[in-house]
Amino acid sequence: MTRLILTVNDSSAGVLRRGGFADLVVPILHRFVWGPLPSDAELSAYLMQRTARQKMGHWLDFASRREVMVAGGRSQSFLELIDRCDSVELWMDTRPNDQLVLIWLLDYLCHHAEIATKIVLRHVDAPLFDGPAGQLAGRTIAGVELAREHLDLGHLAWQAFRSPTPQAWFDLLKQDLSTLPQLRRCVQEMLDELPGAATGLGASELRILELLSAGYQHPFDLLPHYRERFQRRVYDYWEAGTLLDSLALAPVPAISGLADWPFSVEMHDSRERLDRYKASTLSLTLLGKGILAGEEDFSSHNPIRRWWGGTKLTNACLWRWRAVLIAPDPDTPHVIECRELWRPIDWSMREAAYSAASA
């Protein structure tokens, strides 16, 4: 009997592998909280059979060598492997990106309901990687077979997130989302990452300024590998490092003192540059202090050009959040000459770079 578990990050996959929960544990490492969303064609290709030209960008890229042998190779499609396995379970973690991957997969399975019925969804209510595998084995994690209501809600939520404005995503809060127990929190936390009505910054960016104000002066003190300190769980190590870059390298920065940049694989590959980055002594600028005091708006001084789901945020079209969704005001456009603040992340090297940073 071949047991397959699908999860959303390699840390959770490691815990499940060590605990012997399944013969195959495959992490699906797409990131949807950061940058422009992939097209429908790109997402479909990710789950289809691997083509001869497709070296990376396939859903089995991060399966272990042993698991690849059990699966019969790295070329199978998502649906083929599910069909071959005797039991299939989704163990989707609690963080926003994990839930976004879940609703994407449910949307995909909407068109393959005959296979979806053999999949069990585990209602994970705490991060899997926060405890050892033995502790996880002692937890009771309820599971339910996927039904039409799961697929329909996943489809509704995924289409809302892909919409060109956040309005449909906000409207999900008016729906009964209890079929997917962690979805409501995901909706709320993603809305919190929209530019604040008063500050022009999302909640994670604001948290970086708050930590700096509290006396944490070095870049690595501000990143989310200190989970209790950082609190926000939307962005990962790489994305948070890029957020810090955007606050420190803006035309009118909110942070000063960054000694090396950008936060990239290339910087992590250079011991000298990485040491210089770690030793940076940061401080709030006048703008940073004004933002925390509620007297300044980052977007009034700096270009905004980034993606939130399917929404492209710019100074001229800036959706904001303050417990309610605030649409851009077309009568008072706030336009600043924009430069590109988002940059792609080389996911294929992130683990090696993280190891270097932690050494």
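Modeller: **Cavities**

The count comes to two cavities of 30 Å³ or more. On a 1 Å grid over the protein atoms alone, a cavity is a set of points where a 1.4 Å probe fits but cannot get out. Grid points are joined across faces, edges and corners, and a volume is the space filled by probe spheres set on the points. This is a predicted model: local features need pLDDT of at least 70, side-chain atom pairs count only at pLDDT 80 or more, and totals for chains, interfaces and linings use all residues. Residues are numbered from 1 along each chain as its sequence is written, and side-chain values use heavy atoms, with hydrogens and water left out.

Take the second largest cavity. Its volume is about 80 Å³. Lining residues have an atom within 4 Å of a point. Here they are Met92, Gln99, Leu102, Leu121, Arg122, His123, Val124, Leu180, Pro181 and Gln182. Two elements, α5 (96-109) and β4 (119-122), each give two or more residues to this lining. Helices (H or I, at least four residues) and strands (E, at least two) are DSSP runs, numbered from the N terminus. By type, the lining holds six nonpolar residues, three polar and one charged. Ala, Val, Leu, Ile, Met, Phe, Trp, Tyr, Cys and Pro count as nonpolar; Asp, Glu, Lys and Arg as charged; the others, Gly among them, as polar.

Strand β4 also belongs to an open sheet of five strands, in the order β2-β1-β3-β4-β5, with mixed pairing. Two strands pair if DSSP finds at least two bridges between them. The edge strands, β2 (24-27) and β5 (143-145), each pair on one side only.

Terms used
1 Å grid on protein atoms, 1.4 Å probe; cavity = no way out; pocket = protein on both sides within 12 Å on 5 of 7 lines; lining within 4 Å.
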